[in-house]
Amino acid sequence: MPAIQNVERRGAVYYWRRTLRFQDGKASTVRLSLRTTNQSVARRMACAMTTGSETLRMKVEKEARASGLTTDQKADIFRKALVNLRDELDRNHVQFQRTDPDEASELITDLVEIYERMLGDFILHGVPPQAGTREYVDGRFSDLNEEQREGIFQMFRMTPSPVAGTLAAAEAEAARVGADAGPVAIALARKAIFEGKLAAAREFRQRLDDPISFYGEVATPVASTKLVEPPAAPIIPPAFATLGPVAAAEKFIADNPKIMGDVDGKRKARWTDKTRSQFLASARLLQKSYGDRPLHRLTHEDVLTLNGQFARLPTSHHKSPRHGPMTLEAICREAEEAVALGTMSKDAIGLITTTTNRHFLFLRELVQWARKAVPSMAEIDWKAFLFEDDRDARNEREAYTVDQGKAMFRLPIWSGCKSVTYRLSPGAEIWHDAGYWLLLIAWYTGMRRQEMGQLRLEDILQEGGIWYFNVRNFEDMRLKNRAAVRRVPLAAELLRLGLVEYVAALRAAQETMLFPELRATSSRSAQGDTFYKRWWTPIAKCLDFVKPGQSVHSIRHTVATELKEKRVFEEERADLLGHTITSETGGRYSKAASLRRLKEVVDLIPVVTDQLVAYPTNILPDDLRKPRDSASRGQTRVRLGR
């Protein structure tokens, strides 16, 4: 029986086998079953397979030649990019230490994380045409916080065309190493640049944790030969031996002074009370899924289980005290039964992306901190649990229109109500309190809900004939970011409606808060949240144009949009709204807009209350201005009916 080239027989079945050798000396062996016992059929199939494999080999070598970049050339580009960014990060770190020593560590850490995320995304996905737009940054990097996304956006702004700029740099590097500047070579050069920079960012992060590690490698270029010893059993520090997720989260907060700040307030807290509460809530959810096991035993599979439960949890989880002692799995099963019985909608099942991302980001920070003490902890790929939010951040809370603003302020709260407890029923009374003023202040300043809710009377000041709010931090209530500390002028319409007279009346009544009725006996209840529950929820039910997701915060979008239409500079809008500017020109080297200029800006906001009469000041009775507890008894009740 004549032999067939590249064919062998195993039992009764024929197999095709060939080793493909390439010009660089590498070889690849391919072996496939021809799935036949007929010699003639095997001969024909083998001939076709041999011809096809040779064509494939030639194509691979042609594409390799067309790339124009050898391994050594790519390594050269990689090394140069690594060194350049490493030196740049060193310079930035020193600059931060000189200009802002208290925040230098946080600033350089944030910058390194921005580089890591941005470069990692470029390596995986390339640089799309829309790179650099606000929509691209908010969508692609939705798991980062607002300041970090703003940092990426400002980096893009410093390069007018990210696509063209990176391609030009890649073309120059390809020419430097002597490669043909073809499209494939340029693309490979750009990828090598990104990879080198990413390696620099990761190396710099390691150096922040262990500064000597880098210089140790420089001092010892030749690795010494060491005997291979069997791995020792992991040593668990006593403090972490039995520490569960919640206890670990509490220890994390206690061990990080910058989270809490100083008692005397000289060094400000990194986290607000709300942030600390959310951090502990994330740890509590993990423990209710994971059980009472020590945190150092956490594995990727445990986080997968938690992720699955997040998709099955009702959005109202833990709103009822009944959920307190229940496990997450029990709450999920209860919700599934409610859906089956028709007492709960399917739409009420599953946490949204922003919520799950927040939980996983908090847990990542907790576990990374714990791994420094217990290096033997399992590696967890947190990126696998952080989903991109494909919603346009600018449309996430759609702005209200001017006509909708006019409709809002035609409600009885502002036009005349039945009584102090029937504020949404038409009548002849006007009561001046948070219900009346907070949304007006939001419309004519763009301030955040909590910023308005926590204002003290001493924060309403006058300078050069201009009344303004002095927005600042307090020991029990922190602002969202450093840029939120600012001065916000009172628009002319707020003055016309009598806000200054309202302040004077409260001072005469010996009050200290602008909205004393929003205070709660529980320090955990923020004034802004109290307003949302007591006032915004019933008000929104009276406005048929309010869509799901729209809230008081949507008014900030309205203000930002209207001022942009009036061609107010972005830096001035940021100064008014308390947004962070991370660009060198707009942030570090330009001062905040003057109070007089900001007064001109707020008076550009469309007036939607010109139909309202400026009634004499009528503050709440003494008993309704007292702090309230979480129960409804004794609180000002906002009724929808007559």
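Trainee: Why is R35 called exposed?
Mentor: The cut-offs decide that: under 20% relative accessible area is buried, over 50% is exposed, and anything in between is partly exposed (1.4 Å probe, protein chains only). R35 has a relative accessible area of 78%, so it goes down as exposed. Keep in mind that this is a predicted model, where local features need pLDDT of at least 70 and side-chain atom pairs count only at pLDDT 80 or more, while totals for chains, interfaces and linings use all residues. Residues are numbered from 1 along each chain as its sequence is written, and side-chain values use heavy atoms, with hydrogens and water left out.

Trainee: Where is R35?
Mentor: R35 is in the loop between strand 3 (27-33) and helix 1 (39-67).

Trainee: What makes the phi of R35 worth a look?
Mentor: Most residues other than glycine have a negative phi. R35 is not a glycine, yet its phi is near 55°, a positive value. Q510 also has a positive phi, about 65°, without being a glycine. Q510 sits in the loop between helix 22 (499-508) and helix 23 (527-541), and its relative accessible area of 67% makes Q510 exposed.

Trainee: How do you know whether D433 is buried or exposed?
Mentor: D433 has a relative accessible area of 1%, so it is buried. D433 belongs to the loop between helix 18 (412-415) and helix 19 (434-445).

Trainee: What makes the pairing of D433 with R423 a polar contact?
Mentor: The term needs a pair of N or O atoms within 3.5 Å; within protein, one must be able to donate a hydrogen and the other to accept it, and residues adjacent in sequence count only if both atoms are side-chain atoms. The side chains of D433 and R423 come in at 2.9 Å, and the pair is listed as a polar contact.

Trainee: Which residues are in contact with D433, leaving aside neighbours within four places in sequence?
Mentor: They are R423, Y502, F515, E517, W535 and L620. Contact here means heavy atoms within 4.5 Å.

Trainee: How many salt bridges does the structure hold?
Mentor: There are 32.

Trainee: What do K547 and E398 tie together?
Mentor: Their side chains meet in a salt bridge (3.1 Å, N to O). K547 is in the loop between helix 23 and helix 24 (553-565), and E398 is in the loop between helix 16 (393-396) and helix 17 (402-408), so the pair ties together parts 149 residues apart in sequence.

Trainee: And what makes D529 with R449 a salt bridge?
Mentor: The side chains of D529 and R449 meet at 2.9 Å, N to O. D529 lies in helix 23 and R449 in helix 20 (residues 449-453), so this pair ties together parts 80 residues apart in sequence. Salt bridges with shared partners also join D76, K80, E173 and R176 into one network.

Trainee: Why are helix 12 and helix 15 called roughly perpendicular?
Mentor: The axes of helix 12 (residues 273-290) and helix 15 (residues 353-373) come within 9 Å and cross at roughly 85°. Axes are lines fitted to C-alpha atoms, for helices over the stretch in contact, with angles from 0 to 180 degrees between N-to-C directions. Under 35 degrees counts as roughly parallel, over 145 as roughly antiparallel, 65 to 115 as roughly perpendicular, and the rest as oblique. Helix 12 and helix 15 are therefore roughly perpendicular to each other.

Trainee: Which residues of helix 12 and helix 15 meet?
Mentor: From helix 12, T275, Q278, F279, S282, A283, L285 and L286 meet R358, H359, F362, L363 and L366 of helix 15. By class, that contact has seven nonpolar, four polar and one charged residues. Nonpolar covers Ala, Val, Leu, Ile, Met, Phe, Trp, Tyr, Cys and Pro; charged covers Asp, Glu, Lys and Arg; the others, Gly among them, are polar.

Definitions and conventions
Helices (H or I, at least four residues) and strands (E, at least two) are DSSP runs, numbered from the N terminus. A salt bridge is a side-chain nitrogen of Lys or Arg within 4 Å of a carboxyl oxygen of Asp or Glu.
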